[in-house]
Amino acid sequence: MEVDLLQLPDNTAIFNEIGKPIEFYDSGECNHTQLTLDLRAEGLVVSVSSELPLCYMRLRWKHSFADSALFCGDAWERTYGDIQWRTADPARMMPWYFFASNDNKIEAFGIKVRPNAMATWCCDAVGITLWLDLRSGSRPVRLNGRTLEVATVVSAAFDQRTAFDAARQFCGMMCDDPLLPAIPAYGSNNWYYAYGNITHDSVLADAEYLASLTEGLNPRPFMVIDDGWQIDRRRDYNGGPWHRGNASFPDMKQLANKIRERNVRPGIWYRPLFFDQEICRETIPTDWRMSHDRNVIDPSIPEVLEFVKEDIRRIVGWGYELIKHDFTTVDLFGRYGFAMRFFPSADNVVFRDDTRTSAEIVLDLYRAILEAARDALILGCNTIGHLGAGLMHLSRTGDDTSGVKWERTRKMGINTLAFRLCQNGTFFSCDADCIGVTDKIPWYYNRQWSELIAKSGTAYFCSIRPGVLTAEEEEEVRHHLQIASLQKETLEPLDWFDTTVPARWQNGSSELKYDWYEPQGDLPDFINA
């Protein structure tokens, strides 16, 4: 392995709020702005201090690729069935890191996890460019002379190994301190068959069913209560407050105890930052609310972080051992990952504290959640993996699968498993999302998806409508849950250079082959929407 393909950049520019770049060719000071480029053993450490408001930093290196090179980047938050190896495209933005198949070797370029800026790469025939978003929301950051360590750039070349092995090793270079569950996390989640239509009794029935499917297995599985328990459960609303459940969930602490009595572990979903301004007008100050969405509270405010921590401590105090927190990225930035394109933030996002970058604010939110959770596991959903690595045990690495349309599971689930499996065990434990088992999807396809997840070594969660599976199919699920309880098997996608939905996978000394496509073919996205 050859490391540090990128040394000092050939050109660096910092953009202030006027939009005119301040050009640098090395460390130094210009126009009240100090840039430091420090080559260390761990990589190129980029720092900046300024009395001026700052928006972006651009680092540019001369670098060539073979004409036949293919490129694969990461995503801002979850994947949306859109990650793939592609030919060169100078306009393509690749958040956080990217790989290039270049003259019979794999080259990798990225930044270490938990940077203090949002980062994305692009490359062309003669060079590589790293863009660093220093803004606070959509506004320039005001450092006021503070020195900000922006990011640590790392790069490496790998030969005599597969692209997947190279990707996994490079993820380990970017994150040397992953926060992993002490024991395998697996079990059941009720979203993909119930879609919020749940009660205290239905959760206990699910817990009993899960216990029957996992009899004799250790560690014990999780029964995760998803969206539907919150005080105000409307079809178009899934926010707080979170101090109790609704009429169908009269005692959340008692429910956790009863789940545990059924010999499974209680887990729960919630949305930390979203509170209807009318419902919560007496409990949440008006000045906590963000201007782009008055239902979202601003985590750049210290009191808001303490408020979030109180909710987490309460939920942990009820006895829940896994907390799945959701929607923080779209709540903060006004966009899902598929709409972020160049940079995450919508144009009208304003944090009260504009002396910190968006990345710093997100990092502080993740740290607050982890601190308040004590010994409970954290599963981040709609979170930014490159900022969450080391601060969450598990990450939902792709958009939702489905209990209704197989095409959605095929598009979202299989793609994210293949292209983010390199992050499993290196950043966190990956969750490519549930096996949604209903009468809408033939078991022929879900059985394959279930087996793939079980044998991947990632977190495994099934969502099974009661009474749907035959006795023979239940035995298959039991077998998959048994494999998932150990998480000792591994997979490698073999045809990921050729497709967004790999069908050939290496599993130890065996090759697994899958049939992902229904006889009628796929449906256009406008029909799936």
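The second largest cavity holds about 40 Å³ of space. This is a predicted model, in which local features need pLDDT of at least 70, side-chain atom pairs count only at pLDDT 80 or more, and totals for chains, interfaces and linings use all residues. Residues are numbered from 1 along each chain as its sequence is written, and side-chain values use heavy atoms, with hydrogens and water left out.

**Cavities**

- A cavity is a set of points, on a 1 Å grid over the protein atoms alone, where a 1.4 Å probe fits but cannot get out; lining residues have an atom within 4 Å of a point.
- Grid points are joined across faces, edges and corners, and a volume is the space filled by probe spheres set on the points.
- The second largest cavity is lined by N189, V224, K324, L379, R396, D431, D433, C434 and F461.
- Its lining has 4 nonpolar, 1 polar and 4 charged residues, where Ala, Val, Leu, Ile, Met, Phe, Trp, Tyr, Cys and Pro count as nonpolar, Asp, Glu, Lys and Arg as charged, and the others, Gly among them, as polar.
- The largest cavity has a volume of about 60 Å³, and α3 gives the largest share of its lining, 4 residues.

**Pockets**

- A pocket, by contrast, is an open set of points with protein on both sides within 12 Å along at least five of seven lines.
- In the second largest pocket, of about 560 Å³, the 24 lining residues include W191, N238, F327, Y336 and D400, which lie nearest its centre.

**Helix α4**

- Helices (H or I, at least four residues) and strands (E, at least two) are DSSP runs, numbered from the N terminus.
- In α4, residues 252-261, the buried residues (under 20% relative accessible area, with a 1.4 Å probe and protein chains only) are M252, L255, A256 and I259.
- These four cover an arc of only 100° around the axis, so they sit on the same side of α4; the arc is that of the directions from the helix axis to the C-beta atoms.
- They pack against α3, β17, β18 and α5, where contact means heavy atoms within 4.5 Å.
- Just after α4, N263 takes a positive phi of about 65°.

How values were computed
Buried < 20%, exposed > 50% of the residue type's maximum accessible area, 1.4 Å probe, protein only.
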